[in-house]
Amino acid sequence: MKKITKTLFIAALFVIFAFQTKVSAATPTLQQIANSFNSSDTVKEFAKAKSYWTATADGNTLTIKATANGSKDSATYTLNGTILSLTFTKDNSLFSVVSATILIDSIGHLHGYAYGDMFPTLNESEVISKYTLENEGLYMEKTSDGGGKIQIDISKKIPLLDQSQIYIRPSDLISSTGQKFASYSKGNLFFMKDTENGNTVFIFSEEPKLTISTYKSILSVIEVYYGAKEAATFQQNYSSLSLGNKTFSKYKVERNPKISSTLKQFLDGSEYLTITIIDKTSKPTLKTPGFKVKAMKKAMKVKVSKVSNQTGITIRFKKSGAKKWTTKKYYTSKSITKTFKKLKSKKKYQVQVRAFNKTTTGKWSKTKTVKIK
């Protein structure tokens with residue numbers, strides 16, 4: 001099962017397609033629902049990745065099957081009146097949720113939505129958990145044993161959430177607090193937690209413009225990582241989306257910063273606007289560079305290897321037994337080789353190196369001793 005859903009689960013929840021056709025406004029039949037499922041753009045995209053999904057109607061049942069890399073899974077829904085129901089176990093929970101997501105979207109297409117329109121709404125689990133069959137036409141329940149139950153009123157057009165209700169919530173972020181990297185997608189909003197130059201950064205990107213979704217997502221991050229009091233302070237300074245560059249005690253805000261290569265891979269060249277929060281409370285560390293020392297006639301050559309996130313290297317040396325060091329600082333992101341002349345012949349010299357960047361300085365290396373020729 002994991003082979004089928006591991007790479008395709010996010011696509012099933014977040015991809016929004018623009019294709020639209022004329023559809024019936026009446027309550028659809030199971031055969032119409034199966035046809036809509038099999039014709040959906042999501043199922044077609046899965047097929048390109050050699051993951052084959054099909055829906056088959058038979059009497060009052062609808063069965064969804066998936067095959068990929070020799071692994072097979074299925075889920076059978078039962079229709080009672082206009083209520084289409086599925087009860088699933090813990091072992092089949094992931095496949096059941098993914099298949100239900102595509103199925104609900106396919107039913108929504110028969111009620112006039114474009115394929116993919118339902119995905120952002122279905123991804124808001126906190127909101128969806130409050131939906132009822134009577135009001136919205138959808139009921140989803142998670143049982144104590146890890147399984148669950150899904151009921152869909154196929155006669156109803158399940159309402160889409162307003163854009164302002166689709167954002168990164170505090171509950172989405174709890175699991176990421178101990179991670180160096182995390183990413184989430186909600187509607188037109190993409191969020192990523194990453195590390196740049198040794199600092200933790202929180203990145204919010206939205207297309208085609210920044211909306212209240214970005215603003216609420218920023219408040220969620222500040223609340224989870226810095227506390228409710230800090231979130232209130234942010235609201236006092238930024239009461240709307242008129243965000244500009246500003247520095248706070250624990251973090252700083254940058255609007256439309258230079259996009260990192262990692263973020264570019266996720267945004268796939270789309271026209272996103274971006275805001276970043278750069279953490280000031282983290283204590284980034286730099287690795288100690290490796291280095292070699294070669295004795296020469298009244299001189300020595302020191303070759304220092306680069307380390308990640310450095311903006312410079314410091315070399316210091318002294319005669320063995322002396323108290324005072326001679327220190328040289330070089331601003332570079334690359335490895336360096338430096339020659340120090342006018343040294344005392346036949347004398348021993350001690351050498352140490354360390355790296356630094358804009359926010360921190362690494363530890364001095366172990367001392368190496370060389371005898372000058």
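Strands are DSSP runs of at least two residues, numbered from the N terminus. The model shown in these views is predicted.

**View 1. Lysine 342 in the loop between strands E17 and E18.** The loop runs between strand E17 (336-340) and strand E18 (348-356), and lysine 342 is found in it. Phi of lysine 342 is near 60°, a positive value in a residue other than glycine. Lysine 342 has a relative accessible area of 83% and is therefore exposed, the cut-off being over 50%.

**View 2. Asparagine 69 in the loop between strands E2 and E3.** Strand E2 covers 61-68 and strand E3 covers 71-80, with asparagine 69 in the loop between them. Asparagine 69 is a residue other than glycine with a positive phi, near 55°. With a relative accessible area of 58%, asparagine 69 is exposed.

**View 3. A surface patch of positive charge that includes Lys319.** The residues gathered in this patch are Lys297, Lys298, Lys319, Lys344 and Lys347. Lysine 319 belongs to strand E15, which spans residues 312-319. Its relative accessible area is 35%, so lysine 319 counts as partly exposed. Between lysine 319 and lysine 347 the C-alpha to C-alpha distance is 7.2 Å, while the two are 28 residues apart in sequence.

**View 4. The salt bridge of lysine 48 and glutamate 45 in helix H4.** The structure holds 3 salt bridges, and this view shows the pair formed by the side chains of lysine 48 and glutamate 45, at 3.3 Å from N to O. Both residues lie in helix H4 (residues 41-48), 3 residues apart, or about one turn of the helix. An α-helix has 3.6 residues a turn, so residues three or four places apart point the same way. Lysine 48 is exposed at a relative accessible area of 65%, whereas glutamate 45 is partly exposed at 37%.

**View 5. The salt bridge of aspartate 172 and lysine 186.** The closest N and O atoms of aspartate 172 and lysine 186 are 2.8 Å apart.

**View 6. The salt bridge of lysine 252 and glutamate 254.** The side chains of lysine 252 and glutamate 254 meet at 3.9 Å, N to O. Side chains of opposite charge can pair when their charged atoms come close. Lysine 252 is partly exposed, with a relative accessible area of 31%. Glutamate 254 is also partly exposed, at 25% relative accessibility.

**View 7. The buried and exposed sides of helix H10.** Helix H10 is formed by residues 228-237, and Glu230, Ala231 and Phe234 are buried in it. These three residues cover an arc of only 105° around the axis, so they are on the same side of H10. Ala228, Lys229 and Gln236 are exposed on the other side of H10.

Terms used
Residues are numbered from 1 along each chain as its sequence is written. This is a predicted model: local features need pLDDT of at least 70, side-chain atom pairs count only at pLDDT 80 or more; totals for chains, interfaces and linings use all residues. Side-chain values use heavy atoms; hydrogens and water are left out. Patches are made of residues with over 30% relative accessible area and no salt bridge: like charges are joined within 9 Å, nonpolar side chains (Val, Leu, Ile, Met, Phe, Trp, Tyr) within 5 Å. Accessible areas come from the Shrake-Rupley method with a 1.4 Å probe; for residues, only the protein chains shown count as cover. A salt bridge is a side-chain nitrogen of Lys or Arg within 4 Å of a carboxyl oxygen of Asp or Glu. Lys and Arg count as positive and Asp and Glu as negative; His and the chain ends are not counted. The place of a charge is taken as NZ of Lys, CZ of Arg, CG of Asp or CD of Glu. Helices (H or I, at least four residues) and strands (E, at least two) are DSSP runs, numbered from the N terminus. Buried means under 20% relative accessible area, exposed over 50%, partly exposed in between (1.4 Å probe, protein chains only). The arc is that of the directions from the helix axis to the C-beta atoms.
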